[in-house]
Amino acid sequence: MEEKSQFLCGVVEGFYGRPWSMDQRKVLFQWMQRWGLNTYLYGPKDDLKHRLLWREVYSPEEEGQLRTLIMEAQSRGLKFVYALSPGQDIVFSSPCDITLLKRKLRQVSDLGCQAFAILFDDIDHSMCQADSEAFSSFAHAQATVVNEIYRFLREPPVFLFCPTEYCGSLCSPSVSKSPYLQTIGEDLLPNITVIWTGSKVISRKLSVDCLAEVESVLQRPPLIWDNLHANDYDSRRLFLGPFKGREPQLCNHLRGLLLNPNCEFEANYIPLHTLGSWYRVRSEEKKDEECEYCPDKALSAALHDWMEELNQPLLPGRQSRQPEQRSSAPASRSKIPDASDCRPSAKRGSSALAKPLPVFPLNSGSPPSSPAKEPSKGEREGQEGERKSSQLSHQTPGSKPDTPSGGGPKQKAQGRGLCGGKGLLSESQVRLLVGLHYLPHEHGPSAQRLLQDLTWLKTNCHLVSASGKKAPPQKVDEWRGRASRFLSLCEDIAQLHFSVVGGANRAVLYDLYPYVWDLRNTALVAKAFICWLDGRVLGDSSTLGSWRNCFHWCGTTTGADVLNVESEPWVFKGGMSGEVQMLLPIGSSSELFTHPPPLFPTSRLYNVRPYHTKDKVELYRMVRQLHLRTQGGQESSNAHPDVIGDRCLGPCLALSPEYSFILEDELGVCGCVLGILDVRSFAKRCQATWMPAMRDKYPPRGGSPHSNTQDLLKLMEEDQGEYPDSLLYHFPSQLRLDALPELVDVSVSRSLLTALLTALKANGSQGVFCEVQPTDHQRLEFLTKLGFLEILRGEARSREGVVLGRLL
């Protein structure tokens, strides 16, 4: 009787996605024992023999693993509940299916399991003809089979049933009037517990009134399957916030509560730690009536304990022992890559391409066996020297101190060598991490501040516009002050990414990296955009459109406003990253922001910012280096050093600098993207000013020692040829993208390009194109993945070429 009355509180592994490993589950049981939780339900949707192949029994090897898991849970005082989901294709009236169902559960029972669950969630309500003839309703069919299984298992003290209508929003027409729930309540044997998720699949809050209603219909207190921290419905969302929105007094109306958490095991420390705090309050309330559960206090306690865990040198996947290495594999395959592995030669002028060492990819099923090594002392000193000699600027020349300039990595990064699995995350960084990945219906303080500042800066950008009435100085200072705060937070996000990749805990890296990386890339674009806004946005007099017209794409509300108690969190995709994205002019272009993380993570700090005049020398050097690589490293000794830069970059940098963006890392400039808002007017300006300047700079052959430049001068004139009206009507803007090929994380090139597209869209462009040579397969593939459409082949110019265009 005591076992039947015990409140069940713990974890349900019931998400869609890769199930946890045996080592991870053993760690989970240790956590649960430490925090006072008592129940674990095994029901991962993607375990084939749990759901899709439920009729098949476990092999001897699988039996051994399951027996070990059951014994491990029981040894720690936990109740192990085995769940089966036969609802997709079971024939309720089939004696054969019922026999197979019993056989499967008997096998698990013989392994030592004493608690079971039958799940009929997320299935079609319809019945086959045989079932329709045998049962009066779908609910009647389920109740009949579940009752028979319950008796077959000799009425175990814990036996759970998940109905097809498992929350208020799925009940028809309502909870109190649902014929399905009424039948379940009447027909199901009284000691079978019914699973419930609340008013929604993912309920923001659970109230006593709502639970009292369902308890009345079901004729028993339900068990809550709590999806508060589940993230299997959105690949860009993670929930690290505390257990919240469930008062401890609810326990008086429940049989239990099981949390279905994040798919990523390491993301669940705080959710489960705070769940334990919530559950302990229930038992302490009997002794102290003033005892209350405070989510913020529970979060602080969990953060304190998690800090020790985060800085432990743990292996990916919580492996209990080092995997055997294949004798034929190089030793370097056993480590996760970092910046010391993938770093190019410190001398950017070298024509040899840097080749990263063999490394172990992030998404491999067999994680690396040891943390990455630190650079040697000599390497650290050389890298520090390079960082100091090419330190990124924090302020535009001539700008005011609080004018946002999009400076590079913070000065505090200078004192840190490249991380090799030895770094420590600070408490402020962990709080930032949690605040940016908080809860499905609520952002943490840091995320709220970032969204509020971005919204305000966007709305009030007219204060610093390139044209229009001059705003009062105090208003301009206010805008730039808030911009400075926004940029600082974006830099903190970049530093967080740096620390996670370089941290000692490889297990945390593998689970959290895709989310930190995604937010880092979004922050790079948002930061560059805010820097660009200062003095570069056009007023309403622009002939190509207006700022106000551009922002109808994202409306006036953010995702946090949309996600009220009536909505499921999956209505708005992307979480924090998605909301920042939607506040940008091209926020509806999801393919620019949604893409898989790189196989080889690097802790290098990147920055995307608007072009400064002082960048010209470095950009010219970069494109000259790229040109030499395509020419096999050969260059005529009498060629002018500027001729490649003048041809590739010069016109845009001279006539359209406001649409030029720089990509830089700790060594300096490593990429750029140049844009032209209106190609027609730009071509006229080139003919009027740029080409005469080039003819003066490169005089005829007789008067110049750089005779080979004349051929390139002719190409410059050809570059100013006309594009067909059919192209420019839909795609009035143009871009050029260049980046060093040794970039390990190619996503930063995507962020660089996205920053330009954001600026072009903000000033009214409706489409942009890029001319690419047919032999440049890498660039063609990259632009195609970004959603560029192939518009013309060989028709835009007299010479061969491919023109790609993208509608904004």
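Predicted model: local features only at pLDDT ≥ 70, side-chain atom pairs only at ≥ 80, totals over all residues.

**Whole chain**

I began with the surface: the chain exposes about 33300 Å², and carbon and sulfur atoms supply 51% of that area. Accessible areas come from the Shrake-Rupley method with a 1.4 Å probe, and for residues only the protein chains shown count as cover.

Residues are numbered from 1 along each chain as its sequence is written, and side-chain values use heavy atoms, with hydrogens and water left out.

I found 27 helices and 15 strands in the chain. Helices (H or I, at least four residues) and strands (E, at least two) are DSSP runs, numbered from the N terminus.

How much of the chain is buried? Buried residues make up 58% of the 808 residues. I used these cut-offs: buried is under 20% relative accessible area, exposed is over 50%, and partly exposed is in between (1.4 Å probe, protein chains only).

Next I looked at contacts, meaning heavy atoms within 4.5 Å. Among those between residues at least 6 apart in sequence, 80% join residues at least 24 apart.

**Helix α3**

I checked the length of α3 (residues 60-75) first. At 1.5 Å a residue its 16 residues should span 22 Å, and the end C-alpha atoms are 22 Å apart, which agrees. The expected span is 1.5 Å times one less than the number of residues.

Which residues of α3 are buried? I listed L66, L69, I70, E72 and A73. Seen down the axis of α3, the buried residues fall within an arc of 160°, so they line one face of the helix; the arc is that of the directions from the helix axis to the C-beta atoms. I reminded myself that an α-helix has 3.6 residues a turn, so residues three or four places apart point the same way.

The face turned away from the buried side of α3 carries the exposed residues P60, E61, M71 and S75. Cover for the buried residues of α3 includes α2 (22-35), β2 (39-42), β3 (79-84) and α4 (95-110). Just after α3, G77 takes a positive phi of about 75°.

**Helix α4**

In α4 I noted several buried residues, among them I98, L100, L101, K104, L105 and V108. The buried residues of α4 pack against α3, β3, β4 (115-119) and α6 (138-152). G112 follows α4 and has a positive phi, near 110°.

I also picked out R103, which sits in α4 and counts as partly exposed at 37% relative accessibility. Leaving aside neighbours within four places in sequence, R103 is in contact with R55 and V57.

**Cores**

A nonpolar core here is a set of buried Ala, Val, Leu, Ile, Met, Phe, Trp, Tyr and Cys residues joined through side-chain atoms within 4.5 Å. The largest has 210 residues, of which F80, Y82, W278 and I530 touch the most other members. Helix α16 (residues 506-533) gives the most to this core, with 19 residues. A second, separate core of 21 residues includes L41, L119, V158 and I195.

Beyond its neighbours within four places in sequence, Y82 has contacts including Y42, L66, K104, L105 and V108.

**Cysteines**

How many disulfides does the structure hold? I counted 0, a disulfide being a pair of cysteine sulfur atoms within 2.5 Å. The sulfur of C251 is 7.0 Å from the closest cysteine sulfur, in C9, too far for a bond. C251 counts as buried, at 3% relative accessibility. For C648 the closest cysteine sulfur is in C672, 9.4 Å away and too far for a bond. C648 is partly exposed, with a relative accessible area of 21%.

A cis peptide bond joins S172 and P173, with omega about 0°. P173 is in the loop between β5 (158-162) and α7 (179-187).

D122 is not a glycine, yet has a positive phi of about 55°; D122 lies in the loop between β4 and α5 (129-134). R154, also not a glycine, has a positive phi of about 65°. I placed R154 in the loop between α6 and β5, and R154 is exposed, with a relative accessible area of 77%.
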